[in-house]
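Keep the viewer open as you read.

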Amino acid sequence: MRTPDKAALGVALQPELRPEQEAGGGAGHRAGQRSGALRGLGAQRRTGRYVGLRSRGLACAVSLVALATGLLAGAAQGVAYAADVAPSVYAPISPQRMSDAMKVLGSDAFEGRAPGSAGEARTVAWLIAQYKQIGLEPGGENGGWTQRVPLQHTRVGKATRLQVAYATDTLPLEQVKDVYFTTARGADHLEIQNAPLVFVGYGVHAPERGWDDFKGVDLKGKIAVFLINDPDFDAKPGEPVAGKFGGRAMTYYGRWTYKYEEATRRGAIGALIVHDTPGAAYGWSTVIAPGGEAFDFEQSGQNQSLLMQGWISTPAATQVFAKAGLDLPALRVQARQASFQPVTLPHAAFSLAVPVEVTHLESQNVLGKLTGSKRPDETVMFGAHWDAFGMSKDAQGHEVIRHGAIDDGSGVAGVLEIARAFKAGPKPERTVMFASWTAEERGLLGSGWYAAHPLAPLEKTAANFTMDVLQMAGPSRTAYMVGAGQDTVQDDVVAAAERQGRVMLPEAMSERGAFYRADHLPFARAGVPVVALMDMAGYPDLLKGGVPAGRKWLQDYMVCYHQACDAWSLDWDVRGAAEDVALLYNVGRTLAFSQAWPQWKPGSEFAAVRAQSAAVRGGH
Ligand SMILES: [Zn+2]
């Protein structure tokens, strides 16, 4: 293997990765966002956004890798990988300490770190002890180390009514077969009586792209019916919409979470997304996998969330529309036009009655900080999630611990190392916050809660750096940028990688929307510029063994992803992960001593919300 070769990687990054449990089908409107980052489809990348970045990176990489390894001839000719990486590439991050931390977090005693479990109590206590030992200040609520995150778990039971009534007859629907819904409300019974159904196309409101599917339609008390993905996902070349939403790559507007949020904002009581496998990137079996369960924030008082949210199969939707005299395939084509108008299904009335089992649990984010010496109200944030999948039965019915040593013990270990590095150096001018989030695996709930209840102002949070699943296969020439081209901190990371003699590549399967599946997302949605490092986003080009060895590592890891065998191993080479952590540390440190405010790129769907608070940043 040679120095990073996009074409080779493109070929290499193909489907052997197995489909995983994207609970995107409906385990709550946030659940499972993170899983599914790497199901293999053809890697058709978003073009035109990252090209300059990549070629610049590649050009430098050849010489810098050579300098770093002293192996120009070997690397260029694709032979020897014997030379090792200089520790200076990852200093001051210690691979050994990272390994030690993952060993503890992934140990049986921590019981797979499920939110609300005894494993949580141990994890939180251990993290606080680490933060103290490093010398951080408490960054949580009321001068403490934690932030309380109230969660609810719902499971819908068997519906006593689920139907669409028309002028003269009624179409019964079946949960799991025709539709799959969950609820984010904390009520023990759901009832919807004769709600109108409104088809809103892709349901996208994107002023920066000149697109609004809603055209002011009133959704109050109604069920909004959406198509999945972006308006240009099915577009043919030459159609006006083609490329407007990144082509086959998914923008946030394409995510099911976005559709539910938009329905909620507009006062709808329910949202149904028409499932199609290419658009969703997973089949109906994945949609129904959560079995009616959903995690969410605890709902109380003014309850704004949807009564019902979920999916309807294409065959069922086609029938529901046909009985109202509408042609769904024709409407799908219309929905690709900016002039699309929402369509209320004539004489159709949706009804649902179903019992719901509701349980409440409480969990904790763990936060430490170093207060800035000059601009304490400005914050640079590093984060990873401490939670994993806890204990549950495996396919053979045995109780197992899903250790989560790498997911996301690796990210937490990285945050601790970065904290240690900051503490050892001069006091940062901006405050630096170190976060260990809960309930990421339940749908980005810990980070989402913080973004909704920030402990440092988000308008003055300069950037969020998130690490989720770092590779354990040793020094690598590459790392993958998830959601490349969104903001200027990402450019800083690309440049910092070059200084390491490494290359940032865009994630291999951007149509999978990995950018929308980790703890940086709630910050992006709140306007905070973000960088996410996820080594599941592509095969690393390892110094030892190149891309083939990187592919083997990731394929082996995917077998253990969210399983018991995501466990600590003596065989790990943590130096590659340490390189990645050092990368974020270097960029974050510069930012912590800087007065600069990173910016979203003009085309980003997150630019507008940041712009609203530009005044508090002196116009930046
Ligand atoms: Zn994770």
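Helices (H or I, at least four residues) and strands (E, at least two) are DSSP runs, numbered from the N terminus. Axes are lines fitted to C-alpha atoms, for helices over the stretch in contact, and angles run from 0 to 180 degrees between N-to-C directions. This is a predicted model, in which local features need pLDDT of at least 70 and side-chain atom pairs count only at pLDDT 80 or more, while totals for chains, interfaces and linings use all residues. Residues are numbered from 1 along each chain as its sequence is written.

The protein has 17 helices and 21 strands. Of its 620 residues, 58% are buried, where buried means that 20 or more other C-beta atoms lie within 10 Å of the residue's own, exposed that 12 or fewer do, and partly exposed in between, with C-beta atoms placed from the backbone. Two residues are in contact if their C-beta atoms, placed from the backbone, lie within 7 Å. Among contacts between residues at least 6 apart in sequence, 82% join residues at least 24 apart.

Now to the helix pairs. Two packed helices are described by the angle between their axes and the distance between the axes. For helix H4 (residues 95-105) and H11, the axes come within 9 Å and cross at roughly 130°. H4 and H11 are therefore oblique to each other; angles under 35 degrees count as roughly parallel, over 145 as roughly antiparallel, 65 to 115 as roughly perpendicular and the rest as oblique. On the H4 side, the contact uses Arg 97, Met 98, Ala 101, Met 102 and Leu 105, and among the H11 residues are Gly 409, Ala 413 and Glu 417. Sorted by type, the residues of this contact are seven nonpolar, three polar and two charged; Ala, Val, Leu, Ile, Met, Phe, Trp, Tyr, Cys and Pro count as nonpolar, Asp, Glu, Lys and Arg as charged, and the others, Gly among them, as polar.

H11 (residues 409-424) also meets helix H16 (residues 575-592), with axes that come within 10 Å and cross at roughly 45°. That angle makes H11 oblique to H16. Ser 410, Gly 414, Glu 417, Ile 418 and Ala 421 of H11 touch Ala 577, Val 581, Leu 584, Tyr 585 and Gly 588 of H16. This contact holds six nonpolar residues, three polar and one charged.

Finally, which residues of H12 are buried? They are Leu 445, Gly 446, Ser 447, Gly 448, Trp 449, Tyr 450 and Ala 451. Because seven of the eight residues of H12 (residues 445-452) are buried, this helix is largely enclosed by the rest of the structure. Its buried residues pack against several elements, including strand S2 (146-156), strand S13 (343-370) and helix H14 (521-525).
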